[in-house]
Amino acid sequence: MSKNLYFEDEIIQEKFSMAMIKRMVQYASAYKKEYKRVISLLIATSLFSLVPVGLNKLIIDYVLPKNGVLREDYVPIATILLSMWITLSLGSVISNYFTSAASTRLGNSVICDLRKDMFEKLMKLGFDYYDSRPTGKILVRITNYTDEIADFFVNDMTRITVNVFMMIMSFICIVVIEKRLALVVILVCVPLIAGVWCLSKALYKRVCVERNKHSNRTAFVAEDISGLEVIKAFNRETLNEEIHENLSEQVVKAFMATTRFREIFYPMTHGVIRVICSIILYAVALLIIDNQIGKVLTLGSVVAVTTYMQMFSENVYTICQRLQKITNLTSNIERVFDVLDTDINIVDRKDAKDLGEIEGNVSFDHVTFSYNSTKNVLSDINIDIKSGEMIALVGPTGGGKTTFVSLINRFYDVTEGAVKIDGIDIRDVKQKSLREKVGVMMQDTFLFSGEIIENIRFAKPDATDEECMEAAKKVFAHNFIEKMPEGYHTVISSQSTQLSGGEKQLLSFARLMLADPKVIILDEATSNIDSETEGMIQEMFKEVLKGRTSFVIAHRLSTIKNADRILYIDNEQIVEQGTHGELLQKKGKYYKLVMQKSE
C-alpha cells in the first residue's frame, strides 16, 4: 500500500476558473424556466424585506410623538402602516418558505443529473482507469466533491443574483432617502470590502488544504473497509490505525489553521463593518443636525439609512462569501470533470453490430498486448480454438494468463492484431452483445448486498425464481442455500461473511450458468472449493461446458488434465500446447510444472 496514495494532496486550484463554472452552469441549462421562476420568487421575497424599513421611517417620522405631542390623525396612520408592516412580514415568511423549497428542489435536480452522468461514465470506463487510481479517491469525487457542488446549485447559483439585486436596491433606497449619508456609505464600505476580499483569499488557501486532508482520510477509510479481510489476514490493524491517526491529525491541524483564521475573518466581516459604518453614520448624522447642514435630517431617515446600510453591507459580505465559495469550488469541479472528460478506451464502433448467435470459435490473430506501452505482456499470439473446446491456461504468475482471457471479452483492447469470434473481430460488435455470449468468473468472487436469489438473478434480471434455482442446482449450490436461515431469500452482505469462500464461488457459478453464455472464462474459479465439492464440479463441468467453448485458468491438475488443450504461457508467448498426455511426453515446462505439483 503506497503511502503517497493517501498522503499526497491533490493540486490546489489557486485561481478562479470561469471556464469550469461555465461548464458547471451548462448543467442548469435544461432548467432555464425553473431558474427564472426561482429568481423571480427570490426577488419578490427580497422586496418584501425592503419595504418594511421604509414603513419604519414613516412610523418614526409621522406616528411617534414629537416633543411629547402626538398627531391628531396618528391612529388611522398607525393602523395603516402597522397593518402593511405585519402583512409584508408575514408575506416575507411565506415567500421564503416557498422560495427555499423551490430553490432546493431545483438545485438537487441539477446535481442529480451530474451524479447520473458521473456514475454512467464510471460504469463505461475501462479497467485501465481503475487500475491506475485508488478506489477511495474515485469515491471522494463522486461523493464529497459533488456534495460541495450541490451546495452551489442549491444555495449560491440563484441567490448570488438576488444578493446583487438587494445590494443595488438597498443602496438606491439610501440615495432616495438621504444622498448625504449615501456618500458616507460609499466612502466607508469600499475600503472595508477590499479588505474583506483580501482576507477571504487568504482564508480560501487554508480551506483548500483542509479539504485535501479530509479527502485523503476519506479515501484511506473507504479502501480499508473494502480490504478489511486482507488487513486482518496480515495483522495490519495497528499499522493502519497509525496511518489513520496520522491522517486525522493532519485534518485536525488543517481544520484548526482554518478555524483560527475564521475567528478573525468572520467577526471582522460580519460585525466590525456594521459597527464602524453605524458609528460613522450616526456621527455624520449628528454633525448634519447639529450644524444644520442642508435640509432637515429626520430621525426616521437616520434609522432607515442605517438599516439599509446594514442590508447593503450584509449583501456585500454574502456576495464576497459566495464568490469565494465559487472560487473554491472550481478545483472540485475540475476534478469532477476530470472523471467526465476521461477518454473511454473501450468503445463500440459506429458501425458495430450485435454478435448474434455464435458457434463459439475463438481465434487470436497476431495479437500483441501491453498495459503501458513499455513492455508487452503478450506478443504476436496466433491460435485458433474450435467451438466446444475446453482450454486450460497454465504458466508462471505474471505470465499473461489472465490478460489472455481478459482480451476475449474486451476488458482491454489488443495493442496489435485482433481477437475474433467465429471469424468476426470483437471490436466490430457491440460490447453488450459480446458479453452476453462470453461469461466470466474470476477468482475474487464479489457478491452484492441483498438476497441470495437476487445475486444469482444479477446475471439475468428478468429470470424467474425457478430459473435461478435451476442454475443453483446445476452447480451444486442448491443444498447449502436451502440450509440458510431464509433459504434463497437469506440476505447477505457484500463481504458475505456468513458464507465460506467455496459457497461464494458456487453462487458465482450459479450466476454464470443463469446467463447461459456460449463462451465461458473461469479464472481460478475453483480455488476456494474443497476437494469433495471439486469432484462434483468436475462432473458438472462435463455437462454445463458441453457445447460451450471454455477457457480455464487453474492450478489443480484435476481441472487441467481434463482439458481438450493446455496452453503454457510464458515470456509473452504460448510456449507449449497440447493435451495433458502430449505435454507430459514432451517433458518441457508443463512436465516440470506437473512434477512440482506431484511432489
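Trainee: Which residues form the negative surface patch?
Mentor: Keep in mind that this is a predicted model. Glu245 is partly exposed, with a relative accessible area of 47%, and patch members need over 30%. The residues forming this negative patch are Glu241, Glu242, Glu245 and Glu249.

Trainee: And the nonpolar patch on the surface: how much accessible area do its residues have together?
Mentor: Its members are Val164, Ile168, Ile172 and Val176. Ile168 is found in helix α7 (residues 159–177), and its relative accessible area of 42% makes Ile168 partly exposed. Together the four have an accessible area of about 330 Å².

Trainee: Zooming out, what share of the residues is buried?
Mentor: The protein has 21 helices and 12 strands. Buried means under 20% relative accessible area. Of the 599 residues, the buried ones make up 46%.

Trainee: How far apart in sequence are the parts tied together by Lys375 and Glu572?
Mentor: These two form a salt bridge, with their closest N and O atoms 3.8 Å apart. Lys375 lies in the loop between β1 and β2, and Glu572 in the loop between β11 and β12, so the pair ties together parts whose separation in sequence is 197 residues.

Trainee: Are Arg565 and Glu389 buried or exposed?
Mentor: Arg565 forms a salt bridge with Glu389, and the closest N and O atoms are 2.7 Å apart. Arg565 sits in strand β11 and Glu389 in the loop between β2 and β3, so this pair links parts 176 residues apart in sequence. As for their accessibility, both Arg565 and Glu389 are buried.

Trainee: What is the relative accessibility of Glu467?
Mentor: Glu467 has a salt bridge with Lys460, where the closest N and O atoms are 3.6 Å apart. Lys460 is partly exposed, at a relative accessible area of 30%. Glu467 also counts as partly exposed, and its relative accessibility is 32%.

Trainee: Which residues do salt bridges that share partners join into one network?
Mentor: The count of salt bridges comes to 13. Those that share partners make one network out of Glu454, Arg457 and Asp465.

Technical notes:
Residues numbered from 1 in each chain as written. Predicted model: local features only at pLDDT ≥ 70, side-chain atom pairs only at ≥ 80, totals over all residues. Heavy atoms only, no water. Patch = residues over 30% accessible without salt bridge, like charges linked within 9 Å, V, L, I, M, F, W, Y side chains within 5 Å. Areas by Shrake-Rupley, 256 points an atom, 1.4 Å probe, with all protein chains shown as cover. Salt bridge = Lys/Arg side-chain N within 4 Å of Asp/Glu carboxyl O. Lys, Arg positive; Asp, Glu negative; His and termini not counted. Charge placed at Lys NZ, Arg CZ, Asp CG, Glu CD. Buried < 20%, exposed > 50% of the residue type's maximum accessible area, 1.4 Å probe, protein only. Helix = DSSP H or I, 4+ residues; strand = E, 2+ residues; numbered from the N terminus.
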